[in-house]
Amino acid sequence: MNNMEKENIPVYMPDADAAKFLLFQEHYDAFCLLVDSGVFNVRNGSVTIHMDNDSSIKAINRLDVLYSHRHVS
């Protein structure tokens, strides 16, 4: 590790942005799971996320529409 990786660097941002960042940090693992599952790359399809009683992700279903006359340019 170099010194930059060990040092804490203050970041100044508006309170509203800081609140969003704290929420992101709290759910970082779930966000990584969504990214790794490709849910942000679905186009003309759908994603269903199944949660348990503890708000943990239990399943992610991704449906891609391979052909639809409505989506042909």
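1. **How to read the numbers.** This is a predicted model, in which local features need pLDDT of at least 70 and side-chain atom pairs count only at pLDDT 80 or more, while totals for chains, interfaces and linings use all residues. Residues are numbered from 1 along each chain as its sequence is written, and side-chain values use heavy atoms, with hydrogens and water left out.

2. **The order of the elements.** The protein chain holds 3 helices and 2 strands. Here helices (H or I, at least four residues) and strands (E, at least two) are DSSP runs, numbered from the N terminus. Starting at the N terminus, the order is α-α-α-β-β. The protein chain has a radius of gyration of 18 Å, well over the 11 Å that the globule rule gives for 73 residues, so it is more spread out than a compact globule. That radius is taken over C-alpha atoms, and the globule rule is 2.2 Å times the number of residues to the power 0.38.

3. **Extent and surface.** Along the principal axes, the C-alpha atoms of the protein chain fill a box of roughly 55 × 35 × 30 Å. Of its 73 residues, 7% count as buried. In this note, buried means under 20% relative accessible area, exposed means over 50%, and partly exposed is in between (1.4 Å probe, protein chains only). The accessible surface of the protein chain is about 6,700 Å², and 53% of that belongs to carbon and sulfur atoms. These areas come from the Shrake-Rupley method with a 1.4 Å probe; for residues, only the protein chains shown count as cover.

4. A contact means heavy atoms within 4.5 Å. Among contacts in the protein chain with a separation of 6 or more, 17% are between residues 24 or more positions apart. As for charge, the protein chain has 6 positive and 10 negative side chains, with the centres of the two sets 11 Å apart. Lys and Arg count as positive and Asp and Glu as negative, while His and the chain ends are not counted. Each charge is placed at NZ of Lys, CZ of Arg, CG of Asp or CD of Glu.

5. **The strand pair.** Strand 1 (residues 45-51) and strand 2 (residues 57-64) run antiparallel and are joined by 7 bridges. Two strands pair if DSSP finds at least two bridges between them.

6. **Ser46, in strand 1.** Ser46 lies in strand 1 and is partly exposed, with a relative accessible area of 33%. Not counting residues up to four places away in sequence, Ser46 touches Asn61, Arg62 and Leu63. The C-alpha atoms of Ser46 and Asn61 are 8.2 Å apart, although 15 residues separate the two along the chain.

7. **Ile57, in strand 2.** Ile57 belongs to strand 2 and is partly exposed at a relative accessible area of 22%. Setting aside neighbours within four places in sequence, Ile57 is in contact with Ala30, Leu33, Leu34, Ile49, His50 and Met51.

8. **The loop between the strands.** The hairpin of strand 1 and strand 2 has 5 residues between the strands. Asp54 sits in this loop and counts as exposed at 65% relative accessibility. Ser55 is found in the loop as well; Ser55 is exposed, with a relative accessible area of 55%, and has a positive phi of about 65° although it is not a glycine. Ser56 also has its place in the loop and counts as partly exposed at 33% relative accessibility. Beyond its neighbours within four places in sequence, Ser56 is in contact with His50 and Met51. The C-alpha atoms of Ser56 and Ala30, 26 residues apart along the chain, are separated by 8.2 Å.

9. **One more positive phi.** Have a look at Asn44 too, in the loop between helix 3 (28-37) and strand 1. Asn44 has a positive phi of about 55° although it is not a glycine, and it is partly exposed, with a relative accessible area of 42%.
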